[in-house]
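Here is a walk through charged and aromatic side chains. Keep the structure open as you read.

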Amino acid sequence: MMMNTAENQRLAAHYNGKKNWLHWGPYLSERQWGTVREDYSADGDAWNYFPHDHARSRAYRWGEDGIAGISDEQQRLCFALAFWNGRDPILKERLFGLTNQEGNHGEDVKELYFYLDNTPTHSWMQHRYLYPCAEFPYQQLVEENQQRSRQQTELELSDTEAWRENGCFDILTEYAKADTDDCCIRIKATNRSQAQQTLWILPTLWFRNTWAVGGPRPTIRAVEKGVEAQHPELGAYRLWFGPPEHLLFTENDTNDARLFGVDNATPFVKDAFHRAVCGQDFDFLNGKNEGTKCAPVYHFTLQAGQSVTIRLRLADAEVDKPLDPAFFDGLFQKRKKEADEFYDSLPVPTVCPLLGKDCELIRRQAFAGLLWSKQYYEYNVAAWLDGDPGQPPPPEGHRNGRNTNWRHLNAADIISMPDKWEYPWFAAWDLAFQCIPLAALDPDFAKKQLLLLLREWYMHPKGKVPGYEWSFDDINPPIHPWAALEVYRLEKTMTGKGDRLFLEKVFQKLLLNFTWWVTREDSDGNNVFEGGFLGLDNIALFDRERGIPAGCSLEQADGTAWMAFYCLHMLEIALTLAAKDPAYEDMAVKFFEHFVRIAASLNTLGDALWDEAEGFFYDHLRHEGEVLPLRVRSLVGLSTLFGVTVLDKSELASVPGFAERLQYFREQRHAHHEYIVFEQSNEGGDILLSLVPPERLQRLLRSLFDEGEFLSPHGIRSVSKYHAAHPVEVSVNGQSFGLHYEPGEGETGAFGGNSNWRGPIWFPMNFLLLHGLKTYQQFYGDSVKMEFPTGSGQQLSFGEAAGEIGFRLLSLFEENSDGVRPVHGDNPLFRQAEFKRLMLFYEYFHAETGRGLGASHQTGWTGLAGVI
């Protein structure tokens, strides 16, 4: 049961409508430039239309970004940090990274920052940023990565001479809320170099520019001991701070002169602080005592190892002695203690304690990353396509480009993002995975997130759930019903009560989505589904979304498995609801029958996707009446293991109508010698529904548990290691396609080249495999055991095998006997005492070494590490 900690009390007050503890949070993006939302080009080239070089000078239309920043829940008023080391040509106001065209593995942030801690109400947050003392190597990072091949590793910031020889400023930013609208801020900067260094710090307060499209212009003005920000909707806020060297004001307006060669109406533009600080030209801002952007400027000379601390306070009311050191110290100690109590109260998963002392550290930083990755996301597609009143109209190519079928989509919400730099936009299946660990922290927020994409201003009128902003038309695997059930069950375990209304809302909306899937993705009506790339990018021989050879159709093992998975969990939701409302029994029957027919098609229909000789499920390519099995041993075939559930005898007793129909259906299929997906009940009378029949399950598991195939030291590979020595080559209509095992970064530019599903370890798919194994354990218990690893002679139950795989996954972050965490590879930075406890939760991992790859802060679905 959930403990009544101070943080739990704040959450309860928030969701009961008593106090809005989520009014302020880490809702700033870490990259607004280079996004689809800010792209008004004719050709849809978002990276080049709004590059990093423009970001300091050009007002954003749809959001803001910053370092270690916060904003109110509608992102009207923002706060973040800016720095200058006395050497850079520009202020360090935002994180730098490579565009998709610049990186040898696609886009990638080239900074070092860490999410240390956070609580669900954001009453306590810690962030750590490492800023080079030497000039930031912008040009070197671009040029050297452009020159490297896809077979080479990337040049990271910590690989450069600027970093290795000159050290960094270690900047710890902490937030502690005294109340819902009263936030204390503490910034501690330490010189980690071996020499004296100079550092400028600019804690910056600004308004998002909404006046360029017709809104009123708010103001920030100087007052005693700080500034006052006045907004017609938000009201007045004070930012208090100690005496600065300078107090700067400007406007959050575009510098047209710099970007477009057009005279500015005023010199007070968005990038004015860069000119003032980096150019040491403060005079032109003299007399400017108000604006829409402001920053006190602090200038320090720090000896090696020396630290300095700045205190600020942002509140919506007058405060007596706002910066009192005793109050600050007491509040920060209290909030940290409350955060410890909150995390200590959470149930600990089975596998995590096996890691010993690192268990708590891994979970705490995984959860911190999840909570720091909340972001205000605004995108009105119709307004974006048509342009804003009073602004130049977008070019014709823009209005007829991407997302034209999604004019109804009108987002303005706080959303959990996969990675606020590399993926600062929602993705449907990422979000569903993210809600599982989020539910362990804040079940209400998790439920709201799952419902959000099903609301009418997101879901397409035809029932499709939007994919992601680069193409809302793209199709993600339908895992929403599974995620909703997981969140429902987790909350019920934690609180003793399940939220039926939540399940009902999800179920009703998903009925629309299910109909869309059936009518669109089963083109032949034979219960064998397509689906396109389904989130697995380059896992196939060709692009399954847009690169299917001409004149061919593709029957997908994973598309079919996902639909069976969909049916099973819609069935489970219907049964849960039917226990108190018999009207849902008919829907349970409907989804049961759907599942049976899909399972039969997968296993028995004509040229079934099962290959008896090889003991694996493969995609089939159909061309002019001929069938070509695409014999790639990958997660595509293993996804069939997701389709399993147990119908509990005691629960069936509460739905007698469904139980009768179940028995009738079973008898009829036996009588007609048709495929049936359940043949046995365990000793308790429970019923197992499995997409994979027992004999095929055994053969799949032999491959899954084989260290020469899928079982890596760090989890389950996405493509079998068998293909290292046995690449797949296929010729269709004169076109040749090939695939081999690639344990690390992708070796082709498919899907942008910034992810690779041809070998590495991916947490979400591993999590689903663990879920499947645990479900089989629920039914079989210890009565069935298998060899794990294959060929070892060691016999384990399904649950024990799941535990072993889970341990391998979490060991990515565990400090080994050499004092190294595999996730960090051979980076010497993390061998230093002051950085050894820092972790990054990458998008995916090298299947042989465990080194983190792809997006470095994808604590989105890799945040599942907190609940394994």
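How many salt bridges does the structure hold? The structure holds 64. A salt bridge here is a side-chain nitrogen of Lys or Arg within 4 Å of a carboxyl oxygen of Asp or Glu. This is a predicted model: local features need pLDDT of at least 70, side-chain atom pairs count only at pLDDT 80 or more, and totals for chains, interfaces and linings use all residues. Residues are numbered from 1 along each chain as its sequence is written, and side-chain values use heavy atoms, with hydrogens and water left out.

Start with Asp170 and Arg192. Their side chains meet in a salt bridge at 3.0 Å, N to O. Asp170 lies in strand S8 (residues 168-179), and Arg192 in the loop between strands S9 (182-191) and S10 (197-207), 22 residues apart. Helices (H or I, at least four residues) and strands (E, at least two) are DSSP runs, numbered from the N terminus. Asp170 is buried, with a relative accessible area of 3%. Arg192 is partly exposed, at 32%. Buried means under 20% relative accessible area, exposed over 50%, and partly exposed in between (1.4 Å probe, protein chains only).

Next comes Asp329, which forms a salt bridge with Arg186 (3.7 Å, N to O). Asp329 sits in helix H8 (residues 325-344) and Arg186 in strand S9, so this pair ties together parts 143 residues apart in sequence. A network of salt bridges links Asp117, Lys336, Asp340, Glu360 and Arg364.

Arg363 has no salt bridge, yet it is buried. The nearest side chain of opposite charge is Asp344, 8.1 Å away. Lys and Arg count as positive and Asp and Glu as negative; His and the chain ends are not counted. Arg363 belongs to helix H9 (residues 358-372).

Now the rings. The count comes to 66 aromatic pairs. Rings of Phe, Tyr and Trp (its six-membered ring) pair if their centres lie within 6.5 Å; planes under 30 degrees apart count as stacked, over 60 as edge-to-face and the rest as tilted. Tyr379 and Phe472 form a tilted pair, 5.9 Å centre to centre, with 40° between the planes. Tyr379 lies in strand S18 (residues 374-380) and Phe472 in the loop between helices H13 (443-452) and H14 (480-495), so the pair ties together parts 93 residues apart in sequence. Both Tyr379 and Phe472 are buried.

Trp482 and Phe565 are also a tilted pair, at 6.2 Å and 45°. Both belong to one aromatic cluster, whose members include Trp429, Trp757 and Trp861.
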